[in-house]
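Q: I'm new to this one, could you walk me through it?
A: Gladly; have a look at it, and then ask away.

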Amino acid sequence: MSMNITLSQEDIVRLCERIEGAQARAYAIPKLTEEYPGMTIGDGYAVQSALRRRFIAQGHRLVGWKAGLTSKAKMQQMGVSVPSIGFLTDRMARPENSAISTGDLVHPRVECEVAFVMKKDLAGPGCTREDVLAATDYVLPAVEIIDSRFSGFKFDLESVVADNGSSARYVGGGRARYVEDIDLRTLGVVMEKNGEIVGMGAAAAVLGHPAEAIAMLVNILAELGETLPAGSFVMSGGITEAVAVKPGDSIVARFQELGSVSMRFVD
């Protein structure tokens with residue numbers, strides 16, 4: 001993936017402010033490539049990095065990262081061919097079984113993911129699935145609440161990367177397990193919305209194995225001059241398609257061998 005940056009520092013700051021405004025005040029904006037048609041993936045990550053620095057300067061704590069668009073279903077849904085990454089902060093976390101407000105979100109959707117908690121630092125390039133499994137403390141089930149800030153769901157990879165991969169909220173729960181005690185590839189997941197099954201899949205939907213997604217994430221971080229520190233919480237990407245939620249909905253994600261994660265949505 002080419003990380004060449006074509007935007008000026010001024011444009012990067014402008015787009016960062018535009019994204020931050022849309023995220024903080026929950027309004028939709030046109031995709032960034034409408035104004036900057038030549039924008040590259042590298043430009044998208046430059047905007048995302050500016051956003052991360054700004055959040056950290058405001059007192060947010062970086063807790064980890066997430067891989068996005070890692071399943072064939074997601075890539076087809078989005079019309080893209082390369083996965084992407086985004087950062088996670090402490091302010092995005094919500095407790096298991098909590099009521100999550102949608103008033104500060106634009107188009108909230110939920111997806112089931114396997115989350116990894118790292119016990120060793122990882123650095124790319126050349127990070128492999130085996131490296132990831134050896135560096136993992138444990139895995140746990142998670143639900144990511146993604147929120148695209150782009151109007152009419154018109155977006156492209158450059159804009160999505162700049163918007164931090166639509167990151168909004170996440171909920172971890174269930175029971176933590178050591179990776180050697182379960183087969184992550186065949187792990188089955190069912191998502192229920194208001195008691196009805198709305199999605200199911202196996203963790204192999206994520207690049208054949210969720211640890212592949214983490215390896216890819218570490219290698220993208222290397223291209224950004226970053227590493228994945230021990231203690232990081234990393235979400236490996238949606239196993240199920242993203243399902244829209246609104247106030248009054250309750251979601252339960254049931255993971256084979258990892259228990260379930262539940263939450264409900266309110267105004």
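Q: Which residues of α6 are buried?
A: The buried residues of α6 are Pro210, Ala211, Ala213, Ile214, Ala215, Met216, Leu217, Val218, Ile220 and Leu221, where buried means under 20% relative accessible area with a 1.4 Å probe and protein chains only. The model is predicted, with local features needing pLDDT of at least 70 and side-chain atom pairs counting only at pLDDT 80 or more, while totals for chains, interfaces and linings use all residues. Residues are numbered from 1 along each chain as its sequence is written, and side-chain values use heavy atoms, leaving out hydrogens and water.

Q: And what do they pack against?
A: They pack against α2, β1 (62–68), β2 (84–89), β4 (108–118), α4 (129–135) and β9 (233–235), with contact meaning heavy atoms within 4.5 Å; helices (H or I, at least four residues) and strands (E, at least two) are DSSP runs numbered from the N terminus.

Q: What follows α6?
A: Gly225 follows α6, and its phi is positive, near 75 degrees.

Q: Switching topic, how do α1 and α2 sit?
A: The axes of α1 (residues 9–25) and α2 (residues 41–57) come within 9 Å and cross at roughly 60 degrees, the axes being lines fitted to C-alpha atoms over the stretch in contact, with angles running from 0 to 180 degrees between N-to-C directions.

Q: Which residues meet there?
A: From α1, Ile12, Val13, Leu15, Cys16, Glu17, Ile19, Glu20 and Gln23 meet Ala46, Val47, Ala50, Leu51, Arg54 and Phe55 of α2.

Notes. Buried means under 20% relative accessible area, exposed over 50%, partly exposed in between (1.4 Å probe, protein chains only).
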